[in-house]
Amino acid sequence: MRVDYKQDADVDAERLLGGWLPVAQQWLADAVEAKVAEPNAMVLATVDTDGRPSTRTVLCKGLDADGVVFYTNYGSDKATQLAHNPYASVTFPWIGIERQLTFRGAVRKVSAEDTAAYFASRPRGSQLGAWASQQSRPIDSRVALEAALAEVARRFDGVDVPVPPGWGGFRLSPETVEFWQGRTNRLHNRIRLTTSTRLVERLQP
């Protein structure tokens, strides 16, 4: 199962002296151009009330100078864990181009206005699904879930679907951003920027 890595161009640590955002946005664009599956998918890590880590894949819906944005049900496991400990890590695993991008930092809710604007842009089926699913809660069967979807489809037939109560976004404001590139003999490139000091460091793999 061991695969050697190709040699794409090394990320230049000096490029990060002006900030992490231009390089991060370029890497995301590179993943899109390379047709990486779900290029905006990222693994989100949170910690529960017992201090145990929990991970899942979510979709990035914003990447700007203020950080990384994703949306969810505020009653979900991830949201309740963030309410307890509002700090997280996200990693974009761009395996197809032998890169990873990791952010760690504090998390806060986005504004209701930002949530409403994003929700309005979603496909109608996804809007209805947000109403039908009580995310992370047990349900008896797939049939019951599909019945819940059918019920909300009838409820909102012919009208715009509003934002469900208890649904919205989170923004992770990075304290550190790490750029990783696979290299031969597992001597990978790892360059980390600390946002508060703009310190750029090369890490051993």
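In this predicted model, the side chains of Glu178 and Arg190 meet in a salt bridge, with 2.6 Å from N to O. Because Glu178 lies in strand 7 and Arg190 in strand 8, the pair ties together parts that are 12 residues apart in sequence. Glu178 counts as buried at 17% relative accessibility, whereas Arg190, with a relative accessible area of 23%, is partly exposed.

The count of salt bridges comes to 8, and the table gives some of them.

| Salt bridge | Closest N and O atoms |
|---|---|
| Arg183 and Asp10 | 2.5 Å |
| Asp77 and Arg137 | 3.1 Å |

The pair of Arg183 and Asp10 links distant parts of the chain, since Arg183 sits in the loop between strand 7 and strand 8 and Asp10 in the segment before helix 1, 173 residues apart. Arg183 is buried, with a relative accessible area of 5%.

The largest nonpolar core has 34 residues, and those that touch the most other members are Trp20, Met42, Leu63, Trp94, Leu101, Phe103 and Phe179. Elements giving two or more residues to this core include strand 1 (41-47), strand 5 (87-94) and strand 7, while helix 1 gives the most, with 6 residues. Leaving aside residues up to four places away in sequence, Trp20 touches a set of residues including Leu63, Phe103, Phe179 and Leu193. Apart from this core lies another, of 13 residues, among them Ala130, Val152, Phe156 and Val161.

Within helix 4 (residues 124-132), Gln127, Leu128, Ala130, Trp131 and Ala132 are buried, and the buried residues of this helix pack against helix 3 (112-121), helix 5 (142-155) and strand 7 (167-181).

How values were computed
Residues numbered from 1 in each chain as written. Predicted model: local features only at pLDDT ≥ 70, side-chain atom pairs only at ≥ 80, totals over all residues. Heavy atoms only, no water. Buried < 20%, exposed > 50% of the residue type's maximum accessible area, 1.4 Å probe, protein only. Helix = DSSP H or I, 4+ residues; strand = E, 2+ residues; numbered from the N terminus. Contact = heavy atoms within 4.5 Å. Core = buried A, V, L, I, M, F, W, Y, C linked by side-chain atoms within 4.5 Å. Salt bridge = Lys/Arg side-chain N within 4 Å of Asp/Glu carboxyl O.
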